[in-house]
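Here's a quick tour to read with the structure open beside you. Let's start with the rings and then move on to the helices.

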Amino acid sequence: MSSSTGPASGLPVRMPRPRQPGRHRRPEPVAAPEGAPALVLAVPGAPSTTTRSLAEEVVSIARSELPGLDARIGYVDGEEDATVTSFPEFPSLQSVLARAAAERTARFEQARAAGADVAEPEGPVAVVVPLLAGPDSALMRRIRQAVMDSRAAAELTDVLGPHPLLAEALHVRLSEAGLARADRARLFTVATAADGIVLATVGGEEAVQAAGITGMLLAARLAVPVMAAALDQEGAIAATAEQLRGSGSAQLALAPYLIGPELDAGLLDAAAKEAGCSVAEPLGPYPAIGKLALSKYTTALGITPQQPSGTPVH
């Protein structure tokens with residue numbers, strides 16, 4: 001099993017399959033370049049075994065998409081006491097970056113001591129990808145500060161959304177809760193399907209506007225109105241629900257435009273109860289999350305593996 005800070009050692013190596021001839025052969029998988037920077041997933045919220053399991057699944061998806069990827073996990077509210085040889089259970093983002101920088105320096109010094117003609121490493125030691133569906137200025141400031149405090153040459157990417165894959169993930173979570181048709185093309189009806197969706201996010205007005213972009217994509221998939229609202233703004237979810245009811249929607253659902261770790265315990269259920277809405281699960285480790293995290297990493301480095309594409313959930 002992979003650890004939270006990097007791939008486990010001693011695992012069998014998957015050998016490449018023989019390339020199929022012909023015009024319709026599958027493209028060769030792109031592997032991470034040797035010595036490529038680490039992908040460091042910046043995980044918000046209070047560290048826990050649940051959060052760690054979610055983050056590990058996300059980086060596992062990213063590794064499966066890009067063989068050889070060095071993917072690590074750093075917690076925004078993690079433990080600071082870490083060295084190259086000793087690491088806490090929930091390492092802080094700053095600690096993970098500092099360790100990655102120390103490891104690269106050690107590899108260079110060992111190679112030079114062995115007489116190898118190697119150039120001093122350049123470029124980022126890591127690419128930090130926030131585990132956030134939408135913008136959250138307060139969290140992003142903390143992540144940026146952790147990157148600076150680590151003194152590591154790390155590049156920070158933008159958040160994962162808005163993106164069509166997140167609209168797909170929201171659709172799937174709603175269908176799993178019985179609140180949306182799983183397949184509109186087959187006209188499979190759900191008795192409890194919602195006729196209006198409140199898209200809940202956190203992070204202020206910027207986050208609501210960004211969620212609204214994904215909300216338009218979700219509305220096109222479900223053919224029902226979708227409105228975004230701030231979960232961390234008192235009364236905003238209930239007010240948005242009343243606005244939807246005023247425009248003719250009778251059966252509403254609350255869809256969290258959130259991955260999970262950034263969500264305060266109890267906030268979602270309390271908002272759903274106040275608004276009188278059924279509620280779907282957060283996005284969690286849906287495959288699209290890992291693919292989008294990898295896409296942020298590869299874009300930052302100019303690597304071009306197969307671009308993430310959605311599976312048709314009509």
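Predicted model: local features only at pLDDT ≥ 70, side-chain atom pairs only at ≥ 80, totals over all residues.

How many aromatic pairs does the structure hold? It holds one, where a pair means rings of Phe, Tyr or Trp (its six-membered ring) with centres within 6.5 Å, and planes under 30 degrees apart are called stacked, over 60 edge-to-face and the rest tilted. The partners are Tyr75 and Phe90, sitting edge-to-face at 5.5 Å centre to centre with 85 degrees between the planes. Tyr75 belongs to strand β2 (residues 71–75) and Phe90 to the loop between β2 and α2 (93–113), so the pair ties together parts that are 15 residues apart in sequence.

Residues are numbered from 1 along each chain as its sequence is written, and side-chain values use heavy atoms, with hydrogens and water left out.

Now the overall picture. The chain has eight helices and eight strands, taken as DSSP runs (helices H or I, at least four residues; strands E, at least two) numbered from the N terminus. Of its 314 residues, 46% count as buried. Take the contacts (heavy atoms within 4.5 Å) between residues at least 6 apart in sequence: 73% of them join residues at least 24 apart.

Two helix pairs are worth a look. Their axes are lines fitted to C-alpha atoms over the stretch in contact, and angles run from 0 to 180 degrees between N-to-C directions.

| Helix pair | Angle | Axes |
|---|---|---|
| α4 (residues 164–176) and α5 (residues 205–222) | about 55 degrees | 8 Å apart |
| α1 (residues 49–65) and α8 (residues 287–301) | roughly 60 degrees | within 8 Å |

That makes α1 oblique to α8; angles under 35 degrees count as roughly parallel, over 145 as roughly antiparallel, 65 to 115 as roughly perpendicular and the rest as oblique. The α1–α8 crossing is right-handed, which is the label when the near helix is turned clockwise from the far one by less than a right angle (left-handed if anticlockwise). On the α1 side, Val58, Ile61, Ala62 and Glu65 make the contact, and α8 brings Pro287, Ile289, Gly290, Lys291 and Leu294. By class, that's six nonpolar, one polar and two charged residues, with Ala, Val, Leu, Ile, Met, Phe, Trp, Tyr, Cys and Pro taken as nonpolar, Asp, Glu, Lys and Arg as charged, and the others, Gly among them, as polar.

Helices α4 and α5 are oblique to each other too, and their crossing is right-handed. Pro164, Leu166, Ala167, Glu168, Leu170, His171 and Leu174 in α4 meet Thr214, Leu217, Leu218, Arg221 and Leu222 in α5. That set divides into eight nonpolar, two polar and two charged residues.

Ala219 is also in α5. Its C-alpha is 8.8 Å from that of Ala167, 52 residues away along the chain. Leaving out residues up to four places away in sequence, Ala219 touches Val224 and Val226.

Finally, find Val159 in the loop between β4 (154–156) and α4. Val159 is buried, at a relative accessible area of 2%. With residues up to four places away in sequence left out, Val159 touches Pro130, Leu132, Ala133, Gly134, Pro135, Met140 and Lys296. Lys296 is 137 residues from Val159 along the chain, yet their C-alpha atoms are separated by 8.4 Å.

Notes
Buried < 20%, exposed > 50% of the residue type's maximum accessible area, 1.4 Å probe, protein only.
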